[in-house]
Amino acid sequence: MTKLPRKFYNQPTLKVAKLLLGKFLVRKIGKRKVVGKIVETEAYVGPKDLASHASRGKTPRTEVMFGPPGHAYVYLIYGLNYCFNIVTERKDYPAAVLIRAVEPIEGIDLMYQHRKSIKRKKSIFNFSFLTFNLTNGPGKLCQAFKIDKKLNNADLTGNILWVEDRGIKISPKDIVATKRIGVDYAKEYKDKPWRFYIKGNKFVSKK
DNA sequence: CAAGAGATCATCT
DNA sequence: GATGATCTCTTGA
């Protein structure tokens, strides 16, 4: 159970995106922890990647992506959902890994509380059905983990939000690579196979 | 179940 | 003024 050090994130982004599968995202809230196993990621690689916000150059929003590795890049999308990324590679080279889905492990009661829409519904569904729907998408997991703009630029070597290695190794044959979701505007970059997920895992956002 | 639309606003042109 | 690394609900077969 070791917290990943900064040098882990200072590696080629595609490699980090694959290595993050099977690692554990930990969010500390007061004395409680929310933990999920990472099962789906996407890589956004460098200044030329037209799918990446950083391809339009350094702006107040994308500044974090140009910073040192091991920090959170959190932004609001479509006016109502947050996306959580981890900045990779050296300072001044803009790259990040989007965490698209995790499998709920610990603090599941807190995840329920944080998820707005599910909270609205009375418990007419059984536990497993709802668990499945807690964190299987980038916006959903940000709700469940209470990740918002305040955590933008948070240091992942600190004690609010980090990633742990708990000794699980995902073998290459259990990693599926596909094109990234929702980036059809990215011309020659839209079909790059830079989305990765654990084969057969039921918490992956889409097949 | 698939397909479509509405929500909603920070960011950049 | 347009757009988007999404989610949820509704509609219709």
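This is a predicted model: local features need pLDDT of at least 70, side-chain atom pairs count only at pLDDT 80 or more; totals for chains, interfaces and linings use all residues.
Sugar or phosphate supplies 71% of the atoms of DNA strand B within 4 Å of the protein, and bases supply the rest. At Tyr78, a polar backbone atom is 2.5 Å from a base oxygen of DNA strand B. At Lys149, an N or O atom of the side chain is 3.0 Å from a phosphate oxygen of DNA strand B.

DNA strand C is surrounded by 26 residues, of which His53, Asn85, Arg115, Gly139 and Tyr185 are the closest. Of the atoms of DNA strand C that come within 4 Å of the protein, 53% belong to sugar and phosphate. The surface near DNA strand C divides into 13 nonpolar, eight polar and five charged residues. Base nitrogens of DNA strand C are approached by a polar backbone atom of Ala51, at 3.3 Å, and by an N or O atom in the side chain of Tyr75, at 3.2 Å. A phosphate oxygen of DNA strand C is 2.8 Å from an N or O atom in the side chain of Arg115. Two or more residues of this surface come from each of the elements β4 (72–77), β5 (81–87), β6 (95–106), α4 (116–120) and α6.

His53, one of the residues closest to DNA strand C, is placed in the loop between β3 and β4. With a relative accessible area of 15%, His53 falls under the 20% limit and is therefore classed as buried. The side chain of His53 forms a polar contact with that of Tyr73, at 2.8 Å. Beyond its neighbours within four places in sequence, His53 is in contact with Arg61, Thr62, Tyr73 and Tyr75.

Asn136 lies in the loop between α5 (127–132) and α6 (138–144). Its side chain makes a polar contact with the side chain of Lys140, at 3.0 Å. When neighbours within four places in sequence are left aside, the contacts of Asn136 are Arg100, Ala101, Phe203, Val204 and Ser205.

The largest nonpolar core contains 60 residues, and those touching the most other members are Tyr9, Leu20, Phe84 and Ile99. Excluding residues up to four places away in sequence, Ile99 touches Leu20, Ile38, Glu40, Thr41, Phe84, Ile86, Pro138 and Leu141.

Glu40, a contact of Ile99, stands opposite Tyr197 in β9. Strand β3 (residues 32–45) and β9 run antiparallel and are joined by three bridges. Strand β8 (residues 175–178) is likewise antiparallel to β9, with four bridges between them; here Ile175 has Ile198 as its bridge partner. In a regular strand the side chains alternate between the two faces of the sheet. Within β9 (residues 195–198), Arg195 and Tyr197 point one way and Phe196 and Ile198 the other, and all are buried.

Methods: Residues are numbered from 1 along each chain as its sequence is written. Chains are lettered from A and ligands numbered from 1 in the order in which they are written. Side-chain values use heavy atoms; hydrogens and water are left out. A nonpolar core is a set of buried Ala, Val, Leu, Ile, Met, Phe, Trp, Tyr and Cys residues joined through side-chain atoms within 4.5 Å. Buried means under 20% relative accessible area, exposed over 50%, partly exposed in between (1.4 Å probe, protein chains only). Contact means heavy atoms within 4.5 Å. Two strands pair if DSSP finds at least two bridges between them. A residue is near a molecule or strand if one of its heavy atoms lies within 4 Å of it. A polar contact is a pair of N or O atoms within 3.5 Å; within protein, one must be able to donate a hydrogen and the other to accept it, and residues adjacent in sequence count only if both atoms are side-chain atoms. Ala, Val, Leu, Ile, Met, Phe, Trp, Tyr, Cys and Pro count as nonpolar, Asp, Glu, Lys and Arg as charged, and the others, Gly among them, as polar.
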